[in-house]
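Dear colleague,

Please find below the structure that I am handing over to you. My findings follow it.

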Amino acid sequence: MIQITNLRKQYASGFVALDDINLTVKKGEILALLGPNGAGKTTLISTICGIVNPTSGTVSVDGFDIIKDYRKTRSLIGLVPQELTTDAFETPFNSLTFSRGLFGLPKNPEKVEQVLKSLSLWDKKDDRIMTLSGGMKRRLLIAKALVHEPQVLFLDEPTAGVDVALRQDMWRMVDGLRSEGVTIVLTTHYIEEAEAIADRIGVINGGKLLLVEDKDLLMARMGQKQLKIELTQALDTLPAQLAQQGFVVADDKQSIIYHYDKDAPEVDIAALLQVVSSAGLGFKDIHTQQSSLEEIFVDLVERAA
């Protein structure tokens with residue numbers, strides 16, 4: 001649905017915002033773009049949407065070039081920007097009707113009603129937008145992006161400043177759109193958001209796309225496991241024999257941690273516990289866990305820095 005080849009954006013100051021980006025997004029998938037502030041996420045989305053002009057490279061949406069076929073590609077795209085830009089004195093119903101008109105579509109009160117209801121805004125349809133809460137304005141931006149029935153939806157930090165309940169409502173809405181075949185690209189600072197709804201994860205930093213990979217494969221390939229042993233008493237200094245085995249003291253001083261690769265041969269936990277006992281340490285509980293997407297993301301960005 002989206003094909004990006006050798007995309008580069010360099011400003012007159014010499015700053016390179018996008019550096020040789022290559023990316024393919026399939027129809028009906030959800031791609032989450034993760035990256036620190038200033039990584040290039042918004043610039044990438046703005047370029048695909050025709051808001052920012054690329055320095056070089058090509059971008060196509062459903063086979064149409066974003067520059068040569070600007071009107072066609074723009075009609076295929078819905079964009080929810082970071083900023084809460086709304087028509088303060090207008091009503092949600094009129095605002096959505098006007099948005100459809102901008103794309104040359106006829107009035108369709110039934111479609112406007114359906115979109116407003118799907119985002120729990122129907123009871124506010126005749127209120128001035130300026131009277132809506134921040135969360136409602138965020139939902140209205142999503143409604144405006146959906147009312148012309150786009151095939152590709154870009155969500156740039158869609159749940160910033162939104163409460164947890166509304167965030168989960170948005171996740172369900174996004175999942176419903178995917179089932180209808182809509183392709184979705186979202187940027188987010190909430191790692192759990194990407195973990196919850198994305199099919200693939202892209203990590204961008206310094207204008208470079210570090211990787212794009214299936215979420216589950218990424219976590220399986222790069223995730224580490226750890227064995228955490230809770231001690232019966234606090235520990236300030238790690239005994240030498242435990243340090244040699246690779247143990248480290250947890251921040252709370254009440255536990256010691258052993259990291260190991262998920263794909264490594266089976267770890268002999270009994271033997272590790274025996275080493276702990278022989279060092280004179282008592283323990284009351286043990287558990288294992290695999291590293292989260294957040295830990296993987298932080299590690300990737302730090303390695304690329």
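The largest nonpolar core of this predicted model comprises 44 residues, and those with the most contacts inside it are Leu96, Leu153, Ile184 and Ile201. Such a core is a set of buried Ala, Val, Leu, Ile, Met, Phe, Trp, Tyr and Cys residues joined through side-chain atoms within 4.5 Å. Buried means under 20% relative accessible area, exposed means over 50%, and partly exposed lies in between (1.4 Å probe, protein chains only). Helix α5 (residues 134-146) supplies the largest share of this core, seven residues. A second, separate core has 25 residues, among them Met1, Leu33, Leu79 and Ile204. In soluble globular proteins, nonpolar side chains tend to be buried together.

As to conventions, this is a predicted model in which local features need pLDDT of at least 70 and side-chain atom pairs count only at pLDDT 80 or more, while totals for chains, interfaces and linings use all residues. Residues are numbered from 1 along each chain as its sequence is written, and side-chain values use heavy atoms, with hydrogens and water left out. Helices (H or I, at least four residues) and strands (E, at least two) are DSSP runs, numbered from the N terminus.

Helix α6

Helix α6 (residues 164-179) has 16 residues, which should span 22 Å at 1.5 Å a residue; its end C-alpha atoms are 23 Å apart, in agreement with that value. The expected span is 1.5 Å times one less than the number of residues. Buried in α6 are Leu166, Arg167, Met170, Trp171, Met173, Val174 and Leu177. Viewed down the axis of α6, these buried residues fall within an arc of 165°, so they line one face of the helix; the arc is that of the directions from the helix axis to the C-beta atoms. The exposed residues Val164, Arg172 and Ser179 sit on the face turned away from the buried side of α6. The cover over its buried residues includes β3 (30-34), α5, β7 (152-156), β8 (183-187) and α7 (191-197). Gly181, which follows α6, has a positive phi, near 95°.

Salt bridges

There are eight salt bridges, each defined as a side-chain nitrogen of Lys or Arg within 4 Å of a carboxyl oxygen of Asp or Glu. One of them joins the side chains of Lys208 and Asp19 (2.7 Å, N to O). Since Lys208 lies in strand β10 (residues 208-214) and Asp19 in strand β2 (residues 16-25), the pair ties together parts that are 189 residues apart in sequence. Lys208 is partly exposed, at 42% relative accessible area, and Asp19 is partly exposed at 21%.

Arg178 and Asp199 also meet through their side chains in a salt bridge (2.6 Å, N to O). Arg178 belongs to helix α6 and Asp199 to the loop between α7 and β9 (200-205), so this pair ties together parts that are 21 residues apart in sequence.

Within helix α4 (residues 109-118), Lys117 and Glu113 are four residues apart, about one helical turn, and their side chains form a salt bridge (2.6 Å, N to O).

A buried serine

Ser99 lies in helix α3 (residues 92-102) and counts as buried, at 6% relative accessibility. Leaving aside residues up to four places away in sequence, Ser99 touches Lys144 and Val147, where contact means heavy atoms within 4.5 Å.

With kind regards
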